[in-house]
Amino acid sequence: MTDVQPDPRDPRPLIGEPLALDLLNTRWAGTPVNDLLAEPDGYPIWLSSAGLADRCRAAGSGLAALRETREVIAEAVQELCGQGQLGPETVARLNGVLGHGRLRRELGPQGPTAHVEVDRPEWLASWLAADDFLDLLDRGAQRIKQCAHEACVLYFFDTSQNGRRRWCRMAVCGNRAKAARHYVKARG
């Protein structure tokens with residue numbers, strides 16, 4: 001998600017991950033868990049931060065599709081992080097979202113082009129997020145990670161050279177973990 005400026009109204013602590021994980025990160029730690037998509041007002045904020053506001057209308061049916069897609073991707077990521085592979089039900093649910101659209105390629109005067117076509121406009125953001133998830137799988141499913149801080153529920157795509165990133169943001173979760181270890185060590 002390069003060159004996209006987050007919406008200044010976006011309250012999420014981690015913005016700018018690949019689209020599929022950015023969708024997962026519309027839920028973040030709190031009591032109760034914070035959820036940007038719990039209310040209709042959060043949908044246009046997410047579309048704006050994701051760089052989709054000019055392509056997707058913030059209608060209620062799109063929000064419902066997006067919530068459904070978030071659940072499918074969350075289930076898939078949990079299975080990958082826990083078992084290392086996707087179960088057949090999750091594959092079927094993900095393919096159900098992908099079934100709402102397709103990528104049409106053609107040759108135009110300026111060269112090859114690709115256009116996303118969806119069966120209903122409210123599925124565009126969801127289809128793009130599901131398609132992005134497939135791209136992440138191609139790039140390395142093992143690099144899709146949940147933050148290692150026990151109180152954090154955020155996900156990231158590990159682009160570090162050695163693939164050993166542990167924290168969604170070192171400045172927040174990593175430092176908290178270091179401070180907690182130091183506290184325990186200092187107390188003896």
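Start with helix α5, where the buried residues are Leu 124, Ala 125, Ser 126, Trp 127, Leu 128, Ala 129, Ala 130, Asp 132, Phe 133, Leu 136 and Gly 140. This is a predicted model, by the way. The helix runs over residues 124-140, 17 residues in total, and spans 24 Å from first C-alpha to last, close to the 24 Å expected at 1.5 Å a residue.

Now step back to the whole protein chain. It has six helices and six strands, and from the N terminus they come in the order α-β-β-α-α-α-β-β-α-β-β-α. Of the chain's 188 residues, 40% are buried. Take the contacts between residues at least 6 apart in sequence, and 49% of them join residues at least 24 apart.

What sits in the middle of the picture? The largest nonpolar core has 47 residues, and Trp 46, Leu 52 and Phe 133 have the most contacts inside it. At least two core residues come from each of α1, α2, α3, α4, α5 and β6, with α3 giving the largest share, nine residues. In soluble globular proteins, nonpolar side chains tend to be buried together.

Trp 46 belongs to α2, where Gly 42, Tyr 43, Ile 45, Leu 47 and Ser 49 are buried along with it. Because six of its eight residues are buried, α2 is largely enclosed by the rest of the structure. Trp 46 itself, leaving aside neighbours within four places in sequence, touches Arg 12, Leu 19, Asp 22, Leu 23, Thr 26, Leu 36, Leu 37, Leu 52, Leu 66 and Ala 125. Just after α2 comes Gly 51, with a positive phi of about 75°.

Then there's the largest pocket, with a volume of about 150 Å³. Its lining consists of Leu 24, Arg 27, Val 33, Arg 70, Glu 71, Ala 74, Gln 78, Gln 146, Val 153 and Tyr 155. Helix α3 (residues 60-83) turns up again here, supplying the largest share of that lining, four residues. Here is how the lining splits by class:

| Class in the pocket lining | Number |
|---|---|
| Nonpolar | five residues |
| Polar | two residues |

Technical notes:
Residues numbered from 1 in each chain as written. Predicted model: local features only at pLDDT ≥ 70, side-chain atom pairs only at ≥ 80, totals over all residues. Heavy atoms only, no water. 1 Å grid on protein atoms, 1.4 Å probe; cavity = no way out; pocket = protein on both sides within 12 Å on 5 of 7 lines; lining within 4 Å. Points joined across faces, edges and corners; volume = space filled by probe spheres on them. Nonpolar A, V, L, I, M, F, W, Y, C, P; charged D, E, K, R; others polar. Expected span 1.5 Å × (residues − 1). Buried < 20%, exposed > 50% of the residue type's maximum accessible area, 1.4 Å probe, protein only. Core = buried A, V, L, I, M, F, W, Y, C linked by side-chain atoms within 4.5 Å. Contact = heavy atoms within 4.5 Å.
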